Amino acid sequence: MPFEPNKVVTMNYDLKDADGTIIDSSRERGSLSFLSCTNQVLPKLEEAMSTMLIGTKKNIKLDAADAYGEYNNDALQVVDKSAFPKDAAIEEGIGYISTAENGQQTPFKISKIDGDEITLDFNHPLAGVNLEFEVELLDVRNATEEEKSHGHVHGPNGHNH
Ligand code: ZN
């Protein structure tokens, strides 16, 4: 059972990969608040959290397919070095953002350099990674009318405008 719509859910989390390395954490930024049923967090994570009691912690494991997707070889693209601006730093592992004419931004990274042939990887950085979330559910409350109409959370750790 997912959360009901229009709930503001506040959580602390540590996100680890399969080796137990912490990839992301709310510790430094402060707790994360999100509006339920709006895909602001991974849907499978939200679903697993919906049965938690406030104040409790839970270890939630998500397979890559339930998180950021399996690694997709079709998301690799080989381009010629000349496709990059002359002064661009071209190095394996570096991340870029390409901006299309319509303004849509697509992140990618350089996965391989072979002479003038450069392999770009458009997979999500966490594609193919099984994830483990250590979640502490801090609060669940009803969203205000204003939050509902804006589609995001206001107040501490939410929007500030
Ligand atoms: Zn707002």
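Visitor: Where does Ile 90 lie relative to β5 and β6?

Guide: Ile 90 is in the loop that links β5 (76-80) to β6 (95-99). Helices (H or I, at least four residues) and strands (E, at least two) are DSSP runs, numbered from the N terminus. The model is predicted: local features need pLDDT of at least 70, side-chain atom pairs count only at pLDDT 80 or more, and totals for chains, interfaces and linings use all residues. Residues are numbered from 1 along each chain as its sequence is written, and side-chain values use heavy atoms, with hydrogens and water left out.

Visitor: Which residues does Ile 90 touch?

Guide: Contact means heavy atoms within 4.5 Å. Leaving aside residues up to four places away in sequence, Ile 90 touches Lys 81, Phe 84, Tyr 96, Ile 110, Ile 113 and Ile 118. Take Ile 118: it is 28 residues from Ile 90 along the chain, with 8.9 Å between their C-alpha atoms.

Visitor: How many helices and strands does the protein have, and in what pattern?

Guide: There are 2 helices and 9 strands. Along the sequence they run β-β-β-α-β-β-β-β-β-β-α.

Visitor: Into which domains is the protein divided?

Guide: Domain bounds come from an automatic or database domain assignment. Here domain 1 covers 7-68 + 127-150, and domain 2 covers 73-121. Their C-alpha centres are 31 Å apart.

Visitor: Where does Thr 56 sit, and what does Thr 56 touch?

Guide: Thr 56 belongs to the loop between α1 and β4 (57-62). Beyond residues up to four places away in sequence, Thr 56 touches Val 135, Glu 136 and Leu 137. Thr 56 and Glu 136 are 80 residues apart in sequence, yet 5.7 Å apart in space, C-alpha to C-alpha.

Visitor: Which atoms are the protein donors of the zinc ion?

Guide: Donors are N, O and S atoms within 2.8 Å of the metal (3.2 Å for Na, K and Ca); water is not among the atoms, so sites may look incomplete. The zinc ion has His 150 (ND1), His 152 (NE2), His 154 (NE2) and His 161 (NE2), at 1.9 to 2.2 Å. Their spacing along the chain is H-x1-H-x1-H-x6-H.

Visitor: Why is the arrangement around the zinc ion called tetrahedral?

Guide: Four donors count as tetrahedral if all angles lie between 85 and 135 degrees; four count as square planar and six as octahedral if opposite donors are over 155 degrees apart and all others between 65 and 115; anything else is irregular. The 4 donor atoms here subtend 99 to 124 degrees, so the site is tetrahedral.

Visitor: Are His 150 and His 152 buried or partly exposed?

Guide: Buried means under 20% relative accessible area, exposed over 50%, partly exposed in between (1.4 Å probe, protein chains only). His 152, at 17%, is buried. His 150, at 36%, is partly exposed.

Visitor: What is phi at Asn 39?

Guide: Most residues other than glycine have a negative phi. Asn 39 has a positive phi, near 60 degrees. Asn 39 lies between β3 (32-35) and α1 (43-49), and is exposed at 61%.
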